[in-house]
Each structure stands twice: as structure tokens, then as C-alpha cells.
Number of protein chains: 2
Amino acid sequence: MNYILLTPGPTPLPPSVYKVMGEQILHHRTAEFGVQFQFVLDEMRYVYRTKNDVVMLTTSGTGAMESAVVNLLSPGDKALVHQTGAFGERFTKIMKAYGLSPVVVDEVWGNAADPEKLREALKKNPGLKLVTFQHTDTSTGVVNDLKALSAVVHEVQPDALVVVDSISGLGAEELETDAWGIDVALTGSQKGLMAPPGLAFAAVSERAWKACETAALPRFYLDWRTMRRSLPKKETPYTPAVTLVAAQAEALRLIREEGIENVWKRTAELAAYTRAAVAKMGLTLFAKDPADILTAVNLPAGMDGKKLIKDILREERISIAGGQLHLEGKIVRIAHMGWIKKADVDAGLKALSSRLQPTHA
Amino acid sequence: MNYILLTPGPTPLPPSVYKVMGEQILHHRTAEFGVQFQFVLDEMRYVYRTKNDVVMLTTSGTGAMESAVVNLLSPGDKALVHQTGAFGERFTKIMKAYGLSPVVVDEVWGNAADPEKLREALKKNPGLKLVTFQHTDTSTGVVNDLKALSAVVHEVQPDALVVVDSISGLGAEELETDAWGIDVALTGSQKGLMAPPGLAFAAVSERAWKACETAALPRFYLDWRTMRRSLPKKETPYTPAVTLVAAQAEALRLIREEGIENVWKRTAELAAYTRAAVAKMGLTLFAKDPADILTAVNLPAGMDGKKLIKDILREERISIAGGQLHLEGKIVRIAHMGWIKKADVDAGLKALSSRLQPTHA
């Protein structure tokens, strides 16, 4: 029995993506796979809006985040993490696991990163090797103004690399990797990219490649240098998830067909529609700077959000995400990126709205 | 157009495994996924013949190998790598990437690990934290006598952990994780386990968990401790490759249906059949201690093995592996594990045999 997936990843898959996964798998050391792999990398460059080399990992998004840390930093290096939710905190945790002590700029959950706060932090902490941001943070539903943030980094500390986690943003929210001066843009296959989870990507600038050559943190499976050396052969260093590569190729074909600007526009329109519907229900948004990928909604005080989510899943087979960490039970998060359609969002909104009535009665 | 896959991973998939990948993907934080994930871990214990905890990674097999290194070792620790081919060398490379200097016992390619050579090396190098072996090495087609090797380690250095890469062996060659005293057994989804590549597993003994708690090499995405903490919730710490988990669940259902001993028997019979056919062609085996998972065949002197492989793929759509590194062009490797059937092997043997004639003429 099917259900409606309104969770922020994995998101629903287009029918043709399911279809290609039923086709015979390719061996990864063949010309046929090489063509498909090269297509994925080329189309990823299109989605990223970059001319930089893109590398592919067989990992979740977290593997991509760790790959940026280990490929760019050495013991003792200084880094700044601008945290706007649970996924910003993940960068901090990864760096600490490698013995680093990043400078952390913390925003109140629901607020986007403040460029002026960033400027102050950059001035106070000279000699940073890199600065990390989330593009969007699914835990809070905010979108960060990467163009402005990146410009501040380049102005105040021109030697620092700009590293962006766009795992939930890419292929849904506007991102201009090259035009905005983003050195490393990370993403995962299972959100805006409309493929199943299990693949991750990094677009890496020449400045970042230089840092990678001298970075001394240990790495093997996540080593971008090995991946780059395999690119001319149209291969990956280790057996990739070939089924997911075929799925990603098909999803990227659909994105190209629609045009990336149209994808951004469609996502923005569905987000605006969702926000208006939520306001009509008398509910407020959690995010002060709401993203287009998903809408985080404050639940009425006293409502048991954990039960609500479970009820909706069991009774209507609609999968809506709740709040994470201290927001558990207090908010719901309705995604509207990738293959999620207006009818799906409508079903989710209706399920939510019908369960609000008793508390008002 | 379909083709016959005789490569040692990815191996062909059973039709029902393709089918489940066409079904709607599950969100990884749901009870439904939890049931499927738990099934996979339970059935993996059945295939591993272990009562130990099994953890699952979204990586290639190489990620699992690295996970054993980073979860068990600290800077300065002593380890021994018994190399019987390209994949043994990979353990050495990973350890070196983390600043370790393993003791390497090298066998001539094609020979299995010699227990007496191991005994001498263990006596000469006291205080080892762990010893690694390959179960089978697809680069050479050998199988190692893990029962004997593990017994020697436990006898000479009872404190050393026995770590086995069974990425190509599990689900094809006999493996008794608990009975043979194997502390860590690593594997990947794409060979005997009959699922696509992208998932990896580690069966970890209590002794190894103790080592994991104090091991000081840095890790985050590959950290077994985080994975173990998520087991009671039937979850993974990070978004897993849910499509591949569904595929693995179905493939494990098929293995249980057949019975693991019957899988071993069937694989051994197909291997014996292949070896006899090769001998009949007047060709010799590369491996002195041939595995049941694949047969490595010496090509007649002067024959261009690289061209042969390409010709067979292009003209007959049969994918046979050639030699790796210094064996490139000199051997071919015909896999007969997992879903590979006698008819597939026959087609491969015929393609090979028909191309041998001209050189004899």
C-alpha cells in the first residue's frame, strides 16, 4: 500500500526513477557505466551552477560533510561553523571527532545566519582555514542568504574557504556555486535531487583542491584526491552504488528537462502556497526566514506533536516529520521539494487541519 | 539489452530483488523501515553464523574495511596484515593513511595464507592489537583457511583481534564467524549477498566492542559506537540507502529459503564444474588454493587478455573480469557466486574457449 511522503528526505521518487532501478545493473568498470557516471557528474555541474570538478561518494550526506572536514583541514587548523540548526551542529561534532576546536557562531533556531554577526566573528578570529554554512537546515526550515554570507567571508578573510552543506537545498532552492564564490558545495541524492538516499556529491573549487593537497587529517574512503584521479577514466576508486547512479542519472535528466530555474520557481510557489494555507489555519511558522524546501509549523500549545505525527501516518498513510531535539513534539515539518506535488501537500495540510479542530472546540 | 555478468561484484540480481527496488521507498524513521532493517540485521547474523551485533554502513566494502581500522586501533598500535592479493594490500594502505605501520606478511599472489608463516610472524611481532585476513581475494581467486589461521592467532597472541574481510566470501564460501573465533567479519552487499553495491556490514564480537570503546583513531560517519547505540531503536544514525536495504532484505529472504549450507554447497559444485571445464580446455588455474567464488585462469602466453575481455563484452555481451595490477592481460576471472547460474558460466566458458582456438591453429 502506498503512502504520501512529506518528509524532508528521502523524498518521493518520480516513476521513471523507480523504473530504471528495475533495469539490469551495470558493472562499474565498463564503458557503459562510464558514460552514465560522466552524465551524472556533468548534470550535477549544471544543477550546482559550477565549472568546478564534482566528486561522487557512496555515503549519506553526513559522509559528504565529513569528507569536507578531512580533505580540507589539518590538526590545529582554525575553522568557523555558523550554526542554524541540527545540521550545523553536525559540522561541529565532526570537527571535534577529529580533534579540532571550531569557532561556533550560534543562531537561535528558526533564524537565518546573520551576516553582521558573521562579520564580527570573522574579525575576532583571524586565520580561519574555512567557514561552514548550511544552505537550508531541515531541522528548522530556514534558508541562509549564502550570497551575502559568502561575500562577507571573502571580504573579511579572503584566504578562508567557504564550505556549504546544501544537502537539503540543492535542486530546490537557488544556489549559484561559482557566482557566489562557494568553494565546496555538498549535497545528497535523496532530497531535491529526487533519487534514493546513498549517494553524495561535492563540488570543489581550485582553491579547495589546493587545500586538499596539503590537508593532513587522515582519510582513505573519503579521500577526494583518489576520486579526482579516477575522473579521467570515468570511474570511482571503489565500487559505487551503481543502481543509485542509474536512478540519479534519470532524475537529473528530468531536472534538465524542466530547467533548474523552473525547478526553483516551482518550489518557491509551492512553498508560498503552503505558508499561506498554514496561516489560514491560524498557525504560525517556526522559521523567521523560511526556506522553500519545507515549512516548519508551530503547533498549538499543549498539543502532542509526537502523537499527531503517528496518528497521521497510521490513519492516513501520510509521512510528516516532527521536530528534532528540543523541538520534538512542538513543530511539524511539511516538505515541498523534489517530486512532492501540490496534491500531496494538500493531503498533508488537510490531515493537519482536521486534527486541530478538537483543541479549538 | 541485457548481458551476462560474470564479474566478481556487482554480481547479477535475482528478479525479485529488482522488483522490490521498484516499490515505494520507506522513510528511515518509521516503524515499517525499522522492521525491515531489523530483519536484515537478524538474517545477516544467520549468514555470518554469529550471535554478535551486526552494524550496517551505507558505503562500499572499502568503507567497511576502513571502519575496522578506525574503530579498533589507536595511534602507535601494532597490527599485522596477511596479504594474499590486492584486497589485503588495501588494509595496509588504509592503515598507512592513518599513520600506522602494520607488519605485512606477503604471500605470492595465487597462494593462500600459510598458517606456519603466520605463526612465525606472530612470534616475531608480539603485542599485536589485531591481525587481518581476506576470506577470499577476488584479485587472485584464492580462499584462505580462516579456521586454521584464526586458531594460530588465538594460540600465539590471544589478545590480538582476528579481523576478516569477507566482502567477496560471505554468502558463498563457508564462514563460521563465532565457531572460528573471528572478532570482526566485514562484508558488502554486492557479491554473495545478491544485492546491489552500496551497503556494507560488520559483525563485531564483544572483545572487539571493548577495543572500539578505547580506540583513539578519529571517526564519525564510520563510528560503530553510534551505530550500536541506534540498534535498539531499529535505526541507523544517518539516512541509510533505504532502497538497497529493501533489496538486501529480499536477497536475504532467498538465502534463508535455500539455506546457507545449501548455498555453500551449490557454489562449491559450480566452482568444481568450472575448474574441470577450464582444465579440459588445456588451461591452468592461477590460484594454488582456488576459491569457490571465482576461478582465475592463466591465459596462454602471448595472448592479449585485455583485448579478449573487451571482445567478449562487445561481441557477446558477457562481462568477464581480467587481471588486476601486474596480472592485467595475463589472467581472466570467471565468477560463480550469488545469482550466477551454470548457464551463465557455460556461456562465459564457451566465449573463452572459442577464442583460444586461433592461437592453437
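**Two chains around a two-fold axis**

Of the residues of chain B, B:T59 comes closest to the rotation axis, with its C-alpha at 2.7 Å. The structure is a predicted model, in which local features need pLDDT of at least 70, side-chain atom pairs count only at pLDDT 80 or more, and totals for chains, interfaces and linings use all residues. Residues are numbered from 1 along each chain as its sequence is written, while chains are lettered from A and ligands numbered from 1 in the order in which they are written.

A rotation of 180° with 0.0 Å of shift along its axis places chain B on chain A with an RMSD of 0.0 Å (least squares on the C-alpha atoms of residues with pLDDT of at least 70 in both copies). This is the relation of a two-fold axis. Both copies use the same surface, as 100% of the contact residues of chain B recur in chain A.

Where the chains meet, 41 residues of chain B are in contact with 42 residues of chain A (contact: C-beta atoms, placed from the backbone, within 7 Å). On chain B, α1 (15-21), α3 (61-72), α4 (86-97) and α9 (242-258) each supply at least two residues of the side that touches chain A; the largest share, 4 residues, comes from α3(B). Helices here are DSSP runs of H or I with at least four residues, and strands are runs of E with at least two, numbered from the N terminus.

Leaving aside residues up to four places away in sequence, A:V184 touches residues including A:A68, A:L161 and A:A202.

Chain A also holds an open sheet of 3 strands in the order β11-β14-β13, with antiparallel pairing (strands pair if DSSP finds at least two bridges between them). β11 (294-298) and β13 (321-322) of chain A are at the edges with a single partner strand each, so one side of each has no neighbour in the sheet. Between β13(A) and β14 (residues 331-335) of chain A there are 2 bridges, and A:A321 has A:R333 as its bridge partner in β14(A).

Terms used. Two residues are in contact if their C-beta atoms, placed from the backbone, lie within 7 Å.
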